[in-house]
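My notes follow in the order I took them.

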Amino acid sequence: MDRQRFCDNLAKLRREKGVSQRKAAGDLQISQALLSHYENGAREPGLAFVCRACDYYGVTADYLLGRTEDRTAADSGASQLNHMAQQLRRLAEEAEQYIK
């Protein structure tokens, strides 16, 4: 997990949702102090919190943890297909150059 990206994403999602730390913490079943620690990087969350936060904000764990910029599974699948298509085009170009 990219800790800083996780912290940034967690805080950004809360702000985008338009809720206070107190409200989000209550909805996520943790204290406001603990949410603040997660958002500023002082503490690292467990899996149960990550799952609740993903459901609460409607994002994938990969996005929340900073592993991708795609927020939803559908976006992630499309991104993967685009990436594979780019790789295939590059390989085809390399094969064409090799044949010449």
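**Entry 1: Arg-3 and its partner**

I started with Arg-3, which is partly exposed at a relative accessible area of 37%. I kept in mind that this is a predicted model. I then asked which side chain meets Arg-3 in a salt bridge. It is Glu-44, with N to O at 3.3 Å. I noted where the two sit: Arg-3 is in helix H1, and Glu-44 is in the loop between H3 and helix H4 (47–57). They are 41 residues apart, so the pair links distant parts of the chain. Glu-44 has 48% relative accessibility and counts as partly exposed.

**Entry 2: the other charge pairs**

I looked up the general point before going on. Side chains of opposite charge can pair when their charged atoms come close. How many salt bridges does a search of the whole structure find? It finds seven. I wrote down two more of them.

Lys-23 forms one with Asp-27, and their closest N and O atoms are 3.0 Å apart. Both residues are in helix H2 (residues 21–27), four residues apart, so about one helical turn separates them. Lys-23 is partly exposed, with a relative accessible area of 44%. Asp-27 counts as partly exposed too, at 34% relative accessibility.

Glu-94 and Arg-90 meet in another salt bridge, at 2.9 Å from N to O. These two are in helix H6 (residues 73–99). They are four residues apart, so about one helical turn lies between them. Glu-94 is partly exposed, with a relative accessible area of 42%. Arg-90 counts as partly exposed at 40% relative accessibility.

**Entry 3: H1 against H3**

Two packed helices are described by the angle between their axes and the distance between the axes. I took both values for helix H1 (residues 3–17) and helix H3 (residues 32–40). The angle is about 125°, and the axes are 6 Å apart. H1 and H3 are therefore oblique to each other. From H1, the contact is made by Phe-6, Cys-7, Leu-10, Ala-11 and Arg-14. From H3, it is made by Leu-35, Tyr-38, Glu-39 and Asn-40. I sorted the residues of this contact by type: six nonpolar, one polar and two charged.

**Entry 4: Tyr-38**

Is Tyr-38 buried or exposed? At 6% relative accessibility, Tyr-38 counts as buried. I listed what Tyr-38 touches, not counting residues up to four places away in sequence. Among them are Phe-6, Cys-7 and Leu-10, which are also on the H1 side of the contact with H3. The list also includes Ile-30, Arg-43, Pro-45, Gly-46 and Phe-49. Glu-44, the salt-bridge partner of Arg-3, is another residue that Tyr-38 touches. I also took the spacing of Tyr-38 and Arg-3: 35 residues apart in sequence, 9.4 Å apart in space, C-alpha to C-alpha.

**Entry 5: cysteines**

I closed with the sulfurs. A disulfide is a covalent bond between the sulfur atoms of two cysteines. A search of the whole structure finds zero disulfides. Cys-54 is buried, with a relative accessible area of 8%. Cys-51 is partly exposed, with a relative accessible area of 40%.

Technical notes:
Residues are numbered from 1 along each chain as its sequence is written. This is a predicted model: local features need pLDDT of at least 70, side-chain atom pairs count only at pLDDT 80 or more; totals for chains, interfaces and linings use all residues. Side-chain values use heavy atoms; hydrogens and water are left out. Axes are lines fitted to C-alpha atoms, for helices over the stretch in contact, and angles run from 0 to 180 degrees between N-to-C directions. Angles under 35 degrees count as roughly parallel, over 145 as roughly antiparallel, 65 to 115 as roughly perpendicular and the rest as oblique. Contact means heavy atoms within 4.5 Å. Ala, Val, Leu, Ile, Met, Phe, Trp, Tyr, Cys and Pro count as nonpolar, Asp, Glu, Lys and Arg as charged, and the others, Gly among them, as polar. A salt bridge is a side-chain nitrogen of Lys or Arg within 4 Å of a carboxyl oxygen of Asp or Glu. Buried means under 20% relative accessible area, exposed over 50%, partly exposed in between (1.4 Å probe, protein chains only). A disulfide is a pair of cysteine sulfur atoms within 2.5 Å.
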